[in-house]
Amino acid sequence: MGAGYTLAELASRFGGEVRGDGGVRVNAVATIQNATPGSIVFLANPHYRRFLAETCASAVILTSEDAAEAKVPALVTKNPYLLYARVAALLAPPSPSPRGIAPGAHVDPAAKVSADAWIAPGAVVEAGAEIGARAHIGPNCVVMRGALVGEDTRLSANLTLCQGVSIGKRGLLHPGVVVGADGFGIARDVGAWVKVPQLGSVRIGDDVEIGANTTIDRGALEDTVVEDGVKLDNQIQVGHNVRIGQHTAIAGCTGIAGSSVIGKRCMIAGGVGIAGHIEICDDVIVTAFTLVSHSITHPGTYSGSLPMDATGEWRKNSVRFRQLDKLARRVIDIEKKIKG
Amino acid sequence: MGAGYTLAELASRFGGEVRGDGGVRVNAVATIQNATPGSIVFLANPHYRRFLAETCASAVILTSEDAAEAKVPALVTKNPYLLYARVAALLAPPSPSPRGIAPGAHVDPAAKVSADAWIAPGAVVEAGAEIGARAHIGPNCVVMRGALVGEDTRLSANLTLCQGVSIGKRGLLHPGVVVGADGFGIARDVGAWVKVPQLGSVRIGDDVEIGANTTIDRGALEDTVVEDGVKLDNQIQVGHNVRIGQHTAIAGCTGIAGSSVIGKRCMIAGGVGIAGHIEICDDVIVTAFTLVSHSITHPGTYSGSLPMDATGEWRKNSVRFRQLDKLARRVIDIEKKIKG
Amino acid sequence: MGAGYTLAELASRFGGEVRGDGGVRVNAVATIQNATPGSIVFLANPHYRRFLAETCASAVILTSEDAAEAKVPALVTKNPYLLYARVAALLAPPSPSPRGIAPGAHVDPAAKVSADAWIAPGAVVEAGAEIGARAHIGPNCVVMRGALVGEDTRLSANLTLCQGVSIGKRGLLHPGVVVGADGFGIARDVGAWVKVPQLGSVRIGDDVEIGANTTIDRGALEDTVVEDGVKLDNQIQVGHNVRIGQHTAIAGCTGIAGSSVIGKRCMIAGGVGIAGHIEICDDVIVTAFTLVSHSITHPGTYSGSLPMDATGEWRKNSVRFRQLDKLARRVIDIEKKIKG
């Protein structure tokens, strides 16, 4: 942890206004409820405001609205979570990657590996693959022929980049990710399916994070594209030919069917389904468990989940759902009668 | 790409009727909107008809209804996507697999590996496993003891076949697939769960494709069965003792609970849930995000997802859902009153 | 299978009351419908009662209600499935694990591996990791630096424990599991996302089973916790800072968003979504495909899925759902009118 930084030093690096003693020194981040002296914490969710008075932290990052209640020196900012993210990255930097090709790595002589990249034990790098400067290919990762990994990109472990896919700089891919498996392309013949060759690839931009066990299929003819700055959580399925716009964030367990286009700066919650061949414009928010079955052409928030209830109540109501059209017709009849 | 084929040659191999110059030569497939000369494209989705007049392709595969508008030589057929699939497989065949056991592969001396199979670096083949002729065991795949891999079957990378499971001929399994992990069998004791040993296996037929990160559990006592020609997309969960009938296709993120039986030629969309211990007859279509909570005994199309809406509208309506039974009772009361 | 056990011996080991010849000898378990002589079966689901009269099993485990109809010797108990689980574990024990470090395993000299643990070919154990007595690290598993694996815990294959996570004794993790990948922590800056370092870990208790391709993220600052005796099915996503209470069981494809707390002895069905920052008390049951969007403070059963229907009917009703608030208002108007 080292000697840390004073609050004034943090403000000068990252912005924020110091309230109280700017000379207080912090060397770790913590949660507001469990902090110990020497740590700096943040308050962003009002749910945790009740801990503000009693925190043992040496400093707190918060908004001007909450600052009055702080009992310790504070960094005041409009976006405490963002400022916290920068402070945390400074105080707890990721451990540096080694350099070179480990014994037990399987690197094809026809692969092109930067001298200061790291290829861990059990990793497989096939012919024609290119691994950029300072890239980290973790244990048991597979980089198939012709795949490209950009500078400073980190493949954690046990994940697969299929042939010819590319990922840009400063990417972070977690275990179990699969980039470039065949899309689900099948053509119906009499009584059987014929596979449609999946001849496109996957192109992933810079600064993209992909969560554990997320899968991104290669395009059928052209490429599946994930633009710069996209953040994908775990267990997301991205179908062939999909395009995800810059700085869009998608939470876990969401599935995107083939050929759909998602705009920039969208926020898609968890467990969402996005139908195939549709378009979602920029700056759309979709709440959890929604099926997006048609295109969205206006920025805004969209929902489609059913509210939870005690099972007894739910059962009564869901039976009525199956009679809803009839109920509506009965109301129309009544309206006619009492008008008449 | 080589010299390619004339349109007449393609018609003679795969069927379809030539319209225009049958001597035109193609050596690649492309999308109708981005084709270059020398390529052949298809038109199946009416959404793309607008590109027909201006495509730069040398030839197009389409239906007789669309043929009149084609400006380039055409192959006319009832099912353009199917004919395209065959042409694409001819023009862009998969790269051939090497033969032999790579340095860095871990093959138990008591495994039986066909001389012309390929075991890639980092792959593990345990005792008693059998790898058929021309099978491809990709990098870091694990084939546990006693598992059987049929002729010409391809395991891509980083996937696992557990002990004793079998897969037939010409299969294609994508990265992250798990076949034969224990089913979810637990028996409740006072305040704790007792594991129920999962003693069955998994039997997979011929010509089966399994998408990335899909999991198929072994049976509790008898086997989980996936019949010939089944096509599974990514991130599907198949519970223990399930049987999936021939030529059924299932899209991504669908989950099938234990002991359910799905018929032949069904088409299950993405994000569907199928409850346990139910039966779905042949030729059933289930649309996306539907929970199939009881057996389906008649062929047809079934649905159960909630329609998406702007969040404000959705909130008003979903509150009413929780009062739906009461609303229906009030309508009944009104009907009685205005009758009386 | 060997000579097996008499029914009386089984009753004496595991409880249950013998009806009929306690000297009958069994050496295998089977399903009631496909049993052969020498096997013992169970009847727990009334759906299978029709096979009771004609089973070829040598003995059957069932409740006193069903016992009258048994034609073969029986073990009578209140919980046949539980008694069966114990008998099956006796008659079909898992095959023993080898001991030692296989050639082709990659074990860092600074890892601490118990002398009677097993490290399979292709497994990677990094510096500072500790592998307990009789633990089994299967082929191509990755145990990152500082991770702890308890006694008798079994990691099947191709799965990943990230840096510093810990799992207790007698655990069972199936292929593709990822424990300790970064949680989905991102802070919004102007037009881009800034990663929030994920500095917590994952602590998993004793007797926990985790299904294939399930992912459990590390905490943001404190730890994600899975308590003793928890049973997780396949393809479950557990977000950062989640706590799952003792002996809770969760079925496949369920997703739990960050910072939520689930009580003890809960049963969460498949395809469920649990929102972030909520609490579910002990002894709650949630049925399939429910979105738990707010805290649950009372034990009981909760639901929220839409009932399936033939697509034509479903379409008519789901259109009405989007008009439900208006319909309710019209009913209110009618009520006013006919009162007036």
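Select β40 (309-310) of chain A and strand β39 (residues 300-303) of chain C. Two bridges join these strands, which run antiparallel. Strands here are DSSP runs of E, at least two residues long, and helices are runs of H or I of at least four, numbered from the N terminus. Two strands pair if DSSP finds at least two bridges between them. Now pick A:A310: its bridge partner in β39(C) is C:Y302.

This is a predicted model, in which local features need pLDDT of at least 70, side-chain atom pairs count only at pLDDT 80 or more, and totals for chains, interfaces and linings use all residues. Residues are numbered from 1 along each chain as its sequence is written, while chains are lettered from A and ligands numbered from 1 in the order in which they are written.

Next, show where chain A touches chain C. Here 59 residues of chain A are in contact with 61 residues of chain C (C-beta atoms, placed from the backbone, within 7 Å). Among the elements giving two or more residues to chain A's side are α3 (80-91) and α4 (311-321). Select α5(A): with seven residues, this helix gives the most.

Move to the open sheet of nine strands in chain A. Follow the order β10-β13-β16-β19-β24-β27-β30-β33-β36, with parallel pairing. β10 (112-113) and β36 (279-280) stand at the edges with a single partner strand each, so one side of each has no neighbour in the sheet. Zoom in on β33 (residues 261-262): two bridges join this strand to β36(A). Select A:I262 to find its bridge partner, A:I280.

Definitions and conventions:
Two residues are in contact if their C-beta atoms, placed from the backbone, lie within 7 Å.
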